[in-house]
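I opened my notebook to look up how this chain is built. My entries follow the structure.

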Amino acid sequence: MADIAMQLTIEAEADTVRAALATATGVRSWFTTDAAIGEGVGAEHALSFPGVPEPWRLRITESGDRRLVLAGENGPWAGTTQTYEILDVPEGGVQLRFTHAGFPDQGDAYRDFTYGWATKLTALKAYTETGKPAPFFG
């Protein structure tokens, strides 16, 4: 199986990054404006996109102050797991470590998602550092 692994330093507080990952307001500010975001283990994230017949659904399997794990339930993320880990940086800010694991192979969909995550995590960084929303559809 193929995994996507990325990390970036963000000049923001851990709570700000956590809120961007795990709340409706946060996800709608950097990912997609059409998002229904549940909170806590067992809750669902449903992300919608134009031209996609149904929302991509993810189930929260782990939720803490510094770690969020989402399991893909349908669409191209079915059977995959997204893990976000927030670590302090001694000089200030945080490091976000992201892994999207469980892709069956490194085909075209995997390559498209690798590029997509790079652009989305850049948008997350910009949002958490400036407070200015920049979602996929806004």
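How far apart are the mean positions of the positive and negative charges of the chain? I found 11 positive and 18 negative charges, with mean positions 2 Å apart. I counted Lys and Arg as positive and Asp and Glu as negative, leaving out His and the chain ends. I placed each charge at NZ of Lys, CZ of Arg, CG of Asp or CD of Glu.

I noted that this is a predicted model, where local features need pLDDT of at least 70, side-chain atom pairs count only at pLDDT 80 or more, and totals for chains, interfaces and linings use all residues. Residues are numbered from 1 along each chain as its sequence is written, and side-chain values use heavy atoms, without hydrogens and water.

Next, the fold. I listed three helices and seven strands. These are DSSP runs, numbered from the N terminus: helices are H or I with at least four residues, strands are E with at least two. Along the sequence I read β-α-α-β-β-β-β-β-β-α.

Then I looked inside. I saw that 45% of the 138 residues are buried (under 20% relative accessible area, 1.4 Å probe, protein chains only). The largest nonpolar core has 38 residues. Such a core joins buried Ala, Val, Leu, Ile, Met, Phe, Trp, Tyr and Cys through side-chain atoms within 4.5 Å. Leu21, Trp30, Leu47, Tyr84, Leu96 and Trp117 touch the most other members. Helix α3 (residues 108-130) gives the most to this core, six residues.

Notes:
Buried < 20%, exposed > 50% of the residue type's maximum accessible area, 1.4 Å probe, protein only.
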